[in-house]
Amino acid sequence: MSEKIANVNVGCISSRKLKWFAWGTGGLIVFIGLLVFVVFLILHPSKPSFNLEDVTVYQFNVSKVPPYAITIIMQVTLSSRNPNSRIGVEYQPLHVYATYRDQQITMAYLLPPTYQGHKEPVVWSPPLTGYDMPISPYSQQSLDQDWHAGVILMNIKLQGDVKWKVGTWISPKYHLYVHCPANIRFGDLNNGGPNLIKGQPVDHCDVEIAS
């Protein structure tokens, strides 16, 4: 009888130790997570900056009769810089596309996931294409006026998810919006000029990060 009681006591003690160990391990993990999160808040990460470095249009055609549509082949170069000295940026798959008067005129190009270290730059040069992309009659009228003026204002947009990284801790996803305006100067294209057209960035890119 005494031997059975001893075995029960040993079993109870072992069970308590396992519970204490589990609670202690769980509490330590939670504490470390909270500590890293507090450090993240104290560091207060700054959003990355973006620049539109180059825009080259290889083909641009607009239908003159309904249904109105645009065919365009172009390539853009976007650069990004992480201004944080202690926080990395993880870019999830990002989508890049071109718009004219808030209407999408190219298919979205998918950029691969990219990690950006402290103070590091990243450069992407995606091709953007759109074949018979429909536009509204209002946009076609504006485009016709811009075409004859020799300058068309386009917007290169980038959207996707980003995460902040501090050590081994990775934040939840935040949504990234980047908007880069560019003037496309056609010059003598209507008079048989060259097909290759260089665009000129209008201003710095607007960057917004939302939860």
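Predicted model: local features only at pLDDT ≥ 70, side-chain atom pairs only at ≥ 80, totals over all residues.
Residues are numbered from 1 along each chain as its sequence is written, and side-chain values use heavy atoms, with hydrogens and water left out. Local features need pLDDT of at least 70, side-chain atom pairs count only at pLDDT 80 or more, and totals for chains, interfaces and linings use all residues.

**View 1. The salt bridge between Asp144 and Lys64.** A search of the whole structure finds one salt bridge, a term for a side-chain nitrogen of Lys or Arg within 4 Å of a carboxyl oxygen of Asp or Glu. Here the N to O distance between the two side chains is 3.5 Å. The pair links distant parts of the chain, 80 residues apart, with Asp144 in helix H2 (residues 137-149) and Lys64 in the loop between strand S1 (49-62) and strand S2 (69-81); helices (H or I, at least four residues) and strands (E, at least two) are DSSP runs, numbered from the N terminus. Asp144 is partly exposed, at 26% relative accessible area, whereas Lys64 is exposed, at 54% (buried means under 20%, exposed over 50%, partly exposed in between, with a 1.4 Å probe and protein chains only).

**View 2. The cis peptide bond from Pro66 to Pro67.** Omega of this bond is near -5 degrees, and Pro67 lies in the loop between S1 and S2. Most peptide bonds are trans.

**View 3. Positive phi at Arg101 and at Asp102.** Arg101, in the loop between strand S3 (88-100) and strand S4 (103-104), has a phi of about 50 degrees and is partly exposed, with a relative accessible area of 42%. Asp102, also found in the loop between S3 and S4, has a phi near 65 degrees and is exposed, with a relative accessible area of 68%. Most residues other than glycine have a negative phi.
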